[in-house]
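Thanks for coming. I will walk through one structure, and you can follow along on the screen.

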Amino acid sequence: MRELVILSGKGGTGKTSLTAAFASMAANKVVCDADVDAADLHLLAQPQVRMITDFMGGGIARIREESCSQCGTCRDLCRFAAIDEQLVINPLHCEGCGVCVDLCPEGAIDFPIQKCGEWFISDSKYGPMVHARLGIAEENSGKLVSLVRKEARNLAEEQGCDLLITDGPPGIGCPVIAAISGATALVIVVEPTVSGLHDMIRVAELASHFKIPGMICINKFDLNLELSAAITEVAAKRNMEVLGMVPFDPIFVHAMVKGENIFEYGEDNKDSATLEAVRAIWEKIEGASVLNNMGVLDMKAVIR
Amino acid sequence: MIISVASGKGGTGKTTVSTNMAQALETELTFLDCDVEEPNAHLFLEPAISSSRQVETPVPEIQVEKCTQCRKCMDICRFNAIAVVGQQVLVFPELCHSCGGCMLVCPEGIITETGRELGVIEEGQRDKITFAHGKMRVGEAMAPPLIKEVRKATRAQGLTIIDAPPGTSCPVIAAIDGVDFVLMVTEPTPFGLHDLKLAVEAVKLLGISSGLVINRADLGNREVYAYAREQEIPILMEIPFDRRIAEVYSSGQSVVEAMPEWAEKFRELYHRIEAIVES
């Protein structure tokens, strides 16, 4: 099983639009939306949900007033300032550590497990899809990302698919770490802006921290040719292949408005430079040595 | 007054709006970049950084040779950061949420705290703007403690502008909790609207008043306008798609410097927010 995770660091560089485009070209795959915080892939993939499962996160402390002796121990022990002077717990500040629960001298604090979201197995335009919705203002997004990826992997195995295409979240924190650990390779979508380059470097550092090979795809490259060149240079220094460059093209927005990927939308305009560029990038991804099941090192062994 | 600039979806123009509003105003103010995973505001504001300090969060250190393997620390830890395996006790500092529970329950009193690096906070100045941001260490998972630390630089009096991270989960909450106003920046596309709705839910949950900036207002469709009307969220500014703005942004210039005609519009935006907060 190979898993390709599409990332970016900076948000809004085109991860999801490109994930959908790649998914429309890939054969025998399962699609996974691991951006559980602000999931958008379903707007293009239009999944028919087959199964909904609750995602249970951690517990939240709740004081049983009738058993409380107002001693204030819970308030004093809480390091997250989640319990105020009147001994009222603010669930948004509660970290779910359970210290007050275990150390309340009256045993007056319950710790009910919370439903933090839902995850789905669906049939989408691109075949089987696993996706999720994290509840508003919830914690545990990393846990849900790990769960969604695990379920996508199981589904792929069940259905005999050998590729998982995962749309990742922005940033470099817990959901991103959860989205890339154990992945086969990353495609980092970068836009040629000073912030895009800055954020790409941080994702590239994260990728090398977890020893996962990354490839670069430059989107909207013609917005700033100088920075596109700078990105290419940084990629070369970090030994990351630049898969190709996609021009700035309103087709991405037009397709999104219609709930389509760029190939569906651009059907009548097959020779558009944008479609050609994205097609060529996918061919390179498919042929990339890091996604080769045998792996480059194995291949050498075979030849010898 | 504290204004947080947030969005739900990434890449809609949070940093563009927050930095340009800060630069357009002719008053002293504090700017806090709370997108600690991918801080970008410094690229546009270019503050002279005058101090940099490392921020740590406490994690347990166990004097293993004195441990009796009673497992009390392991049992209280909800984050699986401590494991007792046979005669050994193992600490996984990356998983620790710094609640201090293990230290409280250890009957031998052999747990003390050491630090795990969360990242650095840099502070500086650009003209009238007092600047601070957090840069999370690459490999660190938890953004909220560093965001809370950045927010300690909030100005006691006068204006503080916060550039929030994307999304709707705990890092965003840490960046908007307790502020006076949340300015949401969106784009009129299906992705923009979908994620805006989530952000609006989060803002409502916290009971903060809010307003909307629609960026690249002429790309996409009109649905976000209908949504704003229905939710009674005021649209405080519209920025049309302009390739020149995109290019100015791409090279790290500020819009109000490269295109001075925008300065007045960003000042108006601020005055609209001020009027809402004061009413």
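What is the mean pLDDT of chain B, and what share of its residues reach 70 or more? The mean pLDDT is 96, and 100% of the residues of chain B reach 70 or more. I ask this because what you see is a predicted model, and where pLDDT is low, the predicted coordinates should not be read in detail. For the complex, the predictor gives an ipTM of 0.93 and a pTM of 0.94.

Now the two chains. Chain A has 304 residues, and 54% of them count as buried. Chain A contains 12 helices and 11 strands. The C-alpha trace of chain A spans about 75 × 50 × 40 Å along its principal axes. Taking the contacts in chain A with a separation of 6 or more, 76% are between residues 24 or more positions apart.

Chain B has 279 residues, of which 52% are buried. There are 11 helices and 11 strands in chain B, and its C-alpha trace spans about 70 × 40 × 35 Å along the principal axes. In chain B, residues 24 or more positions apart make 73% of the contacts with a separation of 6 or more.

Next, the interface. How many residues of chain A are in contact with chain B? The count is 52 residues of chain A, in contact with 50 residues of chain B. On the chain A side, the elements that give two or more residues are helix H4 (99–103), helix H5 (141–158), helix H6 (174–180), helix H7 (194–209) and helix H9 (251–257). H7(A) gives the most, with 8 residues. By class, this side of chain A has 23 nonpolar, 18 polar and 11 charged residues.

Let us turn to the sheet in chain B. 9 strands form an open sheet with mixed pairing, in the order S3-S6-S7-S2-S8-S1-S9-S10-S11. Why do strand S3 (48–62) and strand S11 (235–239) of chain B each have one side left without a neighbour in the sheet? Both stand at the edges with a single partner strand, so one side of each has no neighbour there. From one strand to the next, the twist averages 20°.

One pairing in detail: strand S6 (residues 111–126) and strand S7 (residues 129–136) of chain B run antiparallel and are joined by 8 bridges. Gln125(B) has Thr130(B) in S7(B) as its bridge partner.

Helix H7 (residues 190–206) of chain B lies across strand S1 (2–6), strand S9 (181–186) and strand S10 (209–215) of chain B, and runs at about 170° to S9(B).

Last, a single residue. Val172(B) sits in helix H6 (residues 170–176) of chain B. Is Val172(B) buried or exposed? Val172(B) is buried, because 31 other C-beta atoms lie within 10 Å. Leaving out residues up to four places away in sequence, Val172(B) touches Ala6(B), Ala164(B), Pro165(B), Gly167(B) and Ala202(B). Val172(B) and Cys34(B) are 138 residues apart in sequence, while their C-alpha atoms are 8.8 Å apart in space.

That is the end of the tour.

Technical notes: Residues are numbered from 1 along each chain as its sequence is written. Chains are lettered from A and ligands numbered from 1 in the order in which they are written. This is a predicted model: local features need pLDDT of at least 70, side-chain atom pairs count only at pLDDT 80 or more; totals for chains, interfaces and linings use all residues. Helices (H or I, at least four residues) and strands (E, at least two) are DSSP runs, numbered from the N terminus. A residue is buried if 20 or more other C-beta atoms lie within 10 Å of its own, exposed if 12 or fewer, and partly exposed in between; C-beta atoms are placed from the backbone. Two residues are in contact if their C-beta atoms, placed from the backbone, lie within 7 Å. Ala, Val, Leu, Ile, Met, Phe, Trp, Tyr, Cys and Pro count as nonpolar, Asp, Glu, Lys and Arg as charged, and the others, Gly among them, as polar. pLDDT is the predictor's confidence in each residue, from 0 to 100. Two strands pair if DSSP finds at least two bridges between them. Axes are lines fitted to C-alpha atoms, for helices over the stretch in contact, and angles run from 0 to 180 degrees between N-to-C directions.
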